[in-house]
Each structure stands twice: as C-alpha cells, then as structure tokens.
Amino acid sequence: MATMAPAKPSGRGPRPSGVQRAAAERTRTTLGRRRVVNVVMIAVTLVAAVVATLPLVFILWHLVQAGASSINLAFFTQIPKPPGEAGGGMANAIVGTLVLIGAASAFGLPIGIGAGLYLAENRGTMLANTVRFLSDVLNGLPSIVMGIFAWQFLVKPMGKFTALAGGIALGAMMIPLVTRTTEEMISIVPVSLREAALALGYSRWRTSLVVILRTALPGIVTGALVAVSRIAGETAPLLFTVLGNQFWSLSLREPIAALPLQIFNFAISPYDAQHSLAWAGALVLIGIVLIISLAARFATRSRFGHGGD
Amino acid sequence: MSEAARPLVTTRQDDTGIAARIEGSAIGDSVYRWMTTAFALCVPVILILIAIGVGEAAWPAFKTFGLGFLTSSDWDPPHNVFGAAPAIYGTIVSSIVALVIATPLALGVAIFLSEFAPPWLRQPVAFLVDLLAAIPSVVYGLWGIFVLQPFLRDRVMPFLAGLPVVGKSALFEGPAYGPSMLGAGLILAIMVLPFISAVSREVLMAVPRSQREAALALGATKWEMIADAVVPYARSGIIGGIILGLGRALGETMAVTMLIGNVHQISASLFAPGYTMASLIANEFAEATGDLHLSALMAVGAVLFVLTLIVNGIARWLVWRVSREARS
C-alpha cells in the first residue's frame with residue numbers, strides 16, 4: 001500500500017499527444033495526492049480505534065488502583081458501617097444484587113424466550129413484525145422510565161419500596177434483549193431438523209420445545225447472560241423501586257440493598273472511607289459483569305466451535 | 001425411531017391410539033400456540049403499561065401547568081411552581097456534545113474495523129470497544145467524579161478557555177468548577193460510542209462486495225472507495241446508529257447525575273453546571289416534598305419517554321431499511 005507505483009502509461013496504441021501527456025502528468029500528481037490522502041485517512045481511523053479503547057483502559061486501571069486495596073474479607077462478609085467510620089463491607093449489597101438478578105430473570109426470561117419462539121415461528125405475520133419493532137423500541141427506553149413504571153404500578157399501590165418491584169423493572173428491561181437473541185438463535189437452527197422431527201411424528205409443540213429449543217439452547221443462554229450482565233449494573237430503576245437497605249434483607253417484600261445503588265450513595269457521600277468502598281464495590285461489580293459477559297462469549301464460541309455451519 | 005419401524009399394517013387399537021395421539025397433539029399445539037402468542041403480546045402490553053403508568057403519574061402536573069411546563073424555567077418546590085425547560089435544554093445540549101465527540105470517533109473505529117484492520121486485530125478491538133457498553137452507568141459516574149472531572153477542571157477547561165477566538169466565545173465562559181455540561185457530555189460520548197460504532201460496523205459490513213469492487217475497478221484508492229462507494233451506501237444505517245446513540249444519551253441517568261452539577265439553569269457555557277431530565281428525576285425523587293413535586297418529576301419522565309420513543313422509532317426504522325435493502 002505504501003509503495004507508490006507510477007501511473008502506468010498504456011504500452012499499446014500510438015504515441016500519446018502533448019495533451020494526453022499533460023493529462024497523464026496531471027493524473028500522476030493528483031494520484032500522488034490521492035495516495036497521501038488514503039494513507040492519512042487509514043492513520044486517522046487507526047487513531048480513532050486507539051482513542052476509543054483508551055477510556056476502557058483508563059477506567060479499568062483506576063478501578064484496580066483505587067479499589068483493589070479495599071477488597072478484603074470484610075468487604076464480602078460485613079454490612080456497611082455508619083457514615084464516617086472506617087471498615088465495613090458490602091456483603092448485603094452483593095447478595096441483594098444477586099437476589100434482584102434472580103427475580104428479574106424469573107420474570108424476564110420466560111417471557112423473553114416465549115416471545116422469541118413466537119417471533120421465530122411466525123415470521124412475516126403482522127403481529128410478529130409489530131412485536132419485533134416494539135421490542136426494539138422497548139430496548140431503547142431509558143432505564144429510569146422502567147423505574148417510574150414499576151414505581152407507579154407496584155410501589156405506590158403497595159405503599160412501600162420492595163425488592164420485587166426492582167426485580168420486575170429489571171426483568172422488563174431483559175425481555176426485549178432475550179426476545180431478539182432467542183429469535184435469532186432459533187432462526188439459525190436448520191429447517192431440516194424441524195422437518196425431521198415432524199416427519200417422525202413429533203407434534204409441533206414438542207418439536208419446538210424439545211428439538212428446536214434444545215438445539216438453540218447455547219445461543220439462548222448467551223442471550224440471557226448478556227441480558228443479565230446489562231441489568232446487573234443498572235442503578236436508575238432501583239432508585240424508584242428497591243430504595244436500598246443498610247441491613248441484611250433477602251425478602252422480596254422489603255427494600256433491599258443493591259451493589260450499584262450502594263456505589264452511587266457512597267460515591268456522592270463526603271467521606272473518604274466510603275469513597276474507597278465505592279471504588280471497591282465498582283471493581284467487584286465490573287468483575288461480576290465481565291465474568292458474565294465472558295461466559296456469554298464462551299457459550300457462543302463453544303457452540304460454533306463444535307461444527308455448526 | 002420405534003414409530004418409523006412399526007409395521008405398515010396396523011390393528012384397530014393402533015388406529016385409535018394414533019387418532020388419540022393426533023388429537024392430543026392438536027390440543028398441545030394450540031396450547032403451545034396460545035402460550036407463545038401470549039408471551040409475544042407481553043411486549044406491546046408492557047410498552048402500553050409504561051405509557052399509562054408514566055402518563056398517570058404525570059397527569060396532575062400537566063393539568064396544573066399545561067404546556068407551559070415545557071417552556072417555563074421556574075422550579076420552585078416550596079411554592080409548587082414547576083417548569084422543565086432547563087432540564088430539557090440540558091438534556092439536548094449534553095446529548096449534542098456527546099454526539100459531536102462520539103460520532104467521528106465511532107465512525108473511525110467502524111471504518112477501521114470493517115475496512116482496514118487485519119483480521120487478527122478485528123475481533124479484539126471490536127471486543128474492547130463493545131466492552132465499553134458493558135460498564136455500568138454508575139461506574140462511569142464514579143470514575144467521572146474522581147478522575148475525569150478533576151482532569152477537565154485542571155487541564156482541559158483552562159486549555160479550552162485559552163484558545164484564541166473560540167476560547168473567548170460564550171461556549172467556554174465562566175469559572176471552571178468541575179461539575180459541568182462538558183463533563184456530562186464527555187462521559188455520555190464515551191458511553192454511546194460503542195452503540196454507534198457497533199451499528200455502523202454492521203451496516204458497513206453489509207455493503208455488498210460488488211459496490212467495493214466497482215469502485216476499486218474504476219481506479220479508486222481504498223479511502224476513495226470507502227468515502228464514495230461504501231459510506232454513502234450505508235448512510236441511512238449509519239444515521240440510524242447515530243440516532244440510536246442519541247436515544248441512549250437522552251435517557252442516560254446515573255453518570256450524568258453524578259457529573260452535571262444538578263442546577264436549574266440555562267447557560268450557554270459548557271463549563272456551567274446544569275440538569276438533564278433523567279438526572280433531575282433521579283436527583284430529586286427521594287427528596288420530593290409534595291404530590292405536585294413528585295408529579296412534576298414524573299411529567300419530566302413522560303417528556304423523556306415520548307422523546308426517546310420517537311428517537312428510537314426513527315433510528316430502528318432507518319437501520320431496518322438498510323438491512324432489508326442489503327438482504328434483497
């Protein structure tokens with residue numbers, strides 16, 4: 001690419017006239033400029049790629065630098081100390097986040113997978129197209145709107161903040177993602193597999209659930225993990241639903257602590273001790289999210305590694 | 001297997017057995033059909049419920065202030081006077097700042113990955129950029145408060161203010177405290193970058209080979225091929241990706257709340273603090289003093305809901321049009 005071959009005058013035909021020679025000369029100089037532009041633009045896009053990865057490097061580096069020192073046994077086993085006191089941990093928040101993930105998955109996964117099955121098996125119908133479009137729209141809605149929705153329908157009528165409301169808000173956020181990945185994964189299952197099952201006398205529903213769903217399972221698991229990794233760090237909907245809790249609570253009918261919420265509260269607090277806990281919490285949260293993301297990646301890879309098409 | 005191996009001549013009992021099985025499977029099939037349809041219907045139902053819920057919560061405020069709610073910039077909870085103009089202004093300005101910074105970068109990354117990068121580099125770089133989307137908003141906020149904000153205050157803002165001509169403009173006016181529109185816009189830029197670049201990469205990859213080959217055959221350099229043949233072909237998809245990024249930026253809450261300063265004011269300067277709709281709701285919800293205050297916050301949420309609904313609808317439509325064209 002860097003070697004600049006001169007513009008080739010064609011060897012055939014009569015000798016070029018003066019006008020043609022001038023044109024060729026002009027072409028040669030503009031060609032040189034065009035090549036310079038080409039190289040410059042390649043460099044520019046390369047710089048863009050480097051710059052785009054820099055924030056990630058900086059964020060991870062600062063997280064480790066500021067958070068690693070506060071990660072110890074107490075962090076995973078104790079609940080927060082009163083403001084201003086050193087020590088304490090985020091055990092209740094970590095467990096709370098796991099409870100919320102469980103509740104959200106229990107609500108979001110069945111609906112998402114069911115809707116995905118419907119979309120994959122009813123392609124081209126009016127309802128399928130509408131649902132597909134709306135699930136994309138739902139996917140783009142701000143998470144804070146989900147929080148308002150759960151607050152209006154669950155927190156307000158019940159008169160108190162509950163872990164359940166948070167689980168529903170997060171689960172609703174999972175639905176569009178799970179729906180679309182399920183649809184995609186089912187639609188790449190070869191049609192011949194379905195036909196074979198039907199030809200063997202399987203009913204349609206057994207074909208779908210036993211043959212198709214099982215074949216697409218690794219992909220669907222990936223989609224579910226991606227959805228979980230996305231909601232694990234969500235904070236905004238939790239402000240309106242679970243509120244947070246300084247103490248241990250596992251009940252779905254009580255306010256519950258959550259890691260992202262705890263990080264937020266500690267980050268904006270005036271105490272240095274809480275700042276370091278916030279960094280440590282962020283490091284743990286990122287760890288959880290990254291592990292889930294990598295697991296998702298691994299699930300797909302092993303699927304395609306074992307001889308799909 | 002055993003079914004296939006069964007003799008073709010069957011007895012009466014087998015016949016009734018098969019009939020019962022066929023009937024049973026017909027019931028199973030219709031139950032299955034109804035179930036998946038019901039699950040599919042959950043998606044529109046949830047959207048409608050969100051609209052109803054947000055609308056219901058916002059109604060008292062809209063009833064009290066009418067459309068003036070959108071244009072008034074008074075926000076005075078003790079006197080029950082509310083206007084969302086500063087928050088709407090801040091939302092739009094911070095999102096524009098984010099897009100101005102993120103779009104060229106994201107396009108550069110997408111073009112680099114789809115056209116220039118050697119295959120072994122493609123996957124890792126794409127993975128790293130995609131990882132930006134996996135970082136929780138609150139972690140961006142934390143990093144923003146303790147790393148980005150001091151850096152902006154001590155280095156970037158004095159530098160911008162010292163620039164000739166531009167530095168004297170209203171954009172970079174006033175003291176640099178730290179919490180600012182610029183900081184919020186910058187963190188938003190980092191957050192929407194992976195979305196824009198992922199969509200752009202996809203639509204660029206979907207541009208047919210023949211399009212590239214035709215340009216190259218006409219003597220175009222690689223860059224001319226990209227600028228004249230590939231990007232124009234993918235244009236509406238790229239615009240869709242940018243608008244998708246806009247949708248993200250408009251509704252982003254935690255990181256912005258932590259960086260923008262949360263002040264009800266409209267200022268031309270990017271150094272000044274402000275509010276966005278999402279940060280206003282998140283910041284004041286816990287301390288809302290009365291029913292009308294709460295309702296006013298929900299009304300801000302309703303505006304945000306409608307805005308993102310429109311923006312996302314347009315974006316999806318654009319991206320779909322491109323992918324449909326690419327397929328046909």
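**Note on the predicted two-chain model**

1. Chain B contains 12 helices and two strands, and its elements, read along the sequence, come in the order α-α-α-β-β-α-α-α-α-α-α-α-α-α. The model is a predicted one, and the points below should be read with that in mind.

2. On overall form, chain B has a radius of gyration of 27 Å, whereas a compact globule of 328 residues would have one near 20 Å. Along the principal axes, the C-alpha atoms of chain B fill a box of roughly 95 × 65 × 35 Å.

3. Of the contacts in chain B that link residues at least 6 apart in sequence, 76% are between residues at least 24 apart.

4. Turning to the interface, 70 residues of chain B are in contact with 71 residues of chain A. Helix H2 of chain B, which spans residues 12–65, supplies the largest share of the chain B side, with 20 residues. By residue class, this side of chain B comprises 47 nonpolar, 17 polar and six charged residues.

5. Chain A, for its part, is divided into domain 1, covering 20–69, and domain 2, covering 73–305, and the C-alpha centres of these two domains of chain A lie 37 Å apart. Between them, five residues of domain 1 of chain A are in contact with six residues of domain 2 of chain A, and the domain 1 side of this contact holds four nonpolar residues, one polar residue and no charged residue.

Terms used
Residues are numbered from 1 along each chain as its sequence is written. Chains are lettered from A and ligands numbered from 1 in the order in which they are written. This is a predicted model: local features need pLDDT of at least 70, side-chain atom pairs count only at pLDDT 80 or more; totals for chains, interfaces and linings use all residues. Two residues are in contact if their C-beta atoms, placed from the backbone, lie within 7 Å. Helices (H or I, at least four residues) and strands (E, at least two) are DSSP runs, numbered from the N terminus. Ala, Val, Leu, Ile, Met, Phe, Trp, Tyr, Cys and Pro count as nonpolar, Asp, Glu, Lys and Arg as charged, and the others, Gly among them, as polar. The radius of gyration is taken over C-alpha atoms; the globule rule is 2.2 Å times the number of residues to the power 0.38. Domain bounds come from an automatic or database domain assignment.
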